[in-house]
Amino acid sequence: MARITTIALDADDTLWQNEQYFRLTEQRFADLLRDYTDAPDLNDRLIASVSRDLQHYGFGAKGYTLSMIETALQVTDHRVPGSVIAEILAAGRELLSYPVQTLPYVDAALEQVHRTHRLILVTKGDLFDQERKLAASGLADYFAAIEIVSDKSPKTYARIFAQHTEGPEHTVMVGNSLRSDILPALAAGAFAIYVPHDLIWSYERAEEPRDQPRYARIEHLGTLAETIENLQTP
């Protein structure tokens with residue numbers, strides 16, 4: 001197999017915590033609407049709205065906030081008061097200000113692999129928020145290139161690999177989402193390493209490509225360097 005020279009890494013829930021803050025906001029949303037709807041599937045309807053609105057608003061806190069407002073109007077037949085809408089907006093703003101908490105092994109892993117590989121960051125979401133989190137994480141200096149994209153598809157990865165690497169056959173994508181990080185990177189011709197997170201948005205779930213020789217799964221980034229070496233062994 002070709003030698004891996006570039007490591008592309010996802011950010012949210014791969015390098016730092018993210019989904020846990022959306023779960024907290026989801027609960028706050030339910031609490032705010034408790035007196036205005038008895039819909040038993042409120043969280044499911046919110047998730048459905050977020051998924052449906054991705055094509056319009058994209059990923060991230062701002063689109064999520066708009067979907068919360070849309071859902072609140074729908075489930076209350078537009079009777080939700082303006083004061084509750086204001087609280088929903090405040091919850092959305094809070095999503096943009098949570099502290100950045102890096103995950104275990106991240107700092108040590110990046111310190112190790114950046115000495116032997118070119119590192120690039122490939123993350124999707126709101127540009128402002130992703131730039132804020134990267135700056136607050138203290139990890140920016142590890143990366144030779146940073147790509148903040150609206151979505152992750154095989155075409156997106158092909159462009160990034162062509163621009164920032166020696167080619168997909170020399171690149172491994174590392175992330176916590178099978179749908180966004182693993183499957184499209186493999187489809188673009190790269191290697192891929194799945195690092196599952198305890199919390200995963202249902203939209204990002206997919207079947208593991210267990211029979212794919214360019215794929216590996218690790219429990220944490222502490223074994224990243226060793227796993228990359230093993231992937232390159234025929």
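**A parallel sheet, its helix and its cores**

The side chains of glutamate 147 and arginine 159 are joined by a polar contact of 3.1 Å. This contact belongs to a predicted model. Glutamate 147 sits in strand β3, which covers residues 145-149. Is glutamate 147 buried or exposed? Its relative accessibility is 11%, so glutamate 147 counts as buried, the limit for buried being under 20%. Beyond close sequence neighbours (up to four places away), glutamate 147 touches Leu121, Val122, Thr123, Arg159, Ile160, Gln163 and His164.

Helix α7 spans residues 154-164 and includes lysine 155. Lysine 155 has a relative accessible area of 73%, and therefore counts as exposed. The chain brings lysine 155 and alanine 188 to a C-alpha separation of 7.2 Å. These two residues are 33 residues apart along the chain.

Strand β3 is part of an open sheet of 6 strands. The strand order is β3-β2-β1-β4-β5-β6, and the pairing is parallel. Which strands form the edges? They are β3 and β6, each of which pairs on one side only. From one strand to the next, the twist averages 20°. Strands of a sheet pair through backbone hydrogen bonds, in either a parallel or an antiparallel sense.

Strand β1 has β2 and β4 as its neighbours in the strand order. With β2, strand β1 pairs in the parallel sense over 4 bridges. Isoleucine 7 has leucine 119 of β2 as its bridge partner. Strands β1 and β4 also run parallel, and 4 bridges join them. On the β4 side, alanine 8 is partnered by methionine 173, and leucine 9 by valine 174.

In a regular strand, side chains alternate between the two faces of the sheet. Both faces of β1 are covered. Thr6 and Ala8 are buried on one side, and Ile7 and Leu9 are buried on the other.

Helix α9 lies across β1, β4, β5 and β6. The helix runs at about 145° to β5. Helix α9 covers residues 224-231, and its buried residues are Leu224, Thr227, Ile228 and Leu231. Why do they lie on the same side of α9? They cover an arc of only 100° around the axis, and so they share one side of the helix. These buried residues pack against strands β1, β4, β5 and β6. They also pack against helix α5, residues 106-113.

The largest nonpolar core holds 28 residues. Which of them touch the most other members? These are Leu15, Leu110, Phe143, Val172, Val174, Ile193 and Leu221. At least two residues of this core come from each of β1, α5, β2, β4, β5 and α9. Helix α5 gives the most, with 4 residues.

Leucine 221 shows how one member of the largest core is surrounded. Its neighbours within four places in sequence are left aside here. Leucine 221 is then in contact with Thr14, Leu15, Tyr105, Val106, Ala109, Val174 and Val195. Of these contacts, Val174 is also the bridge partner of leucine 9.

Technical notes: Residues numbered from 1 in each chain as written. Predicted model: local features only at pLDDT ≥ 70, side-chain atom pairs only at ≥ 80, totals over all residues. Heavy atoms only, no water. Buried < 20%, exposed > 50% of the residue type's maximum accessible area, 1.4 Å probe, protein only. Polar contact = N/O pair within 3.5 Å; in protein donor to acceptor, adjacent residues only side chain to side chain. Contact = heavy atoms within 4.5 Å. Arc of directions from axis to C-beta. Pairing = 2+ DSSP bridges. Axes fitted to C-alpha atoms, helices over the stretch in contact; angles between N-to-C directions. Core = buried A, V, L, I, M, F, W, Y, C linked by side-chain atoms within 4.5 Å.
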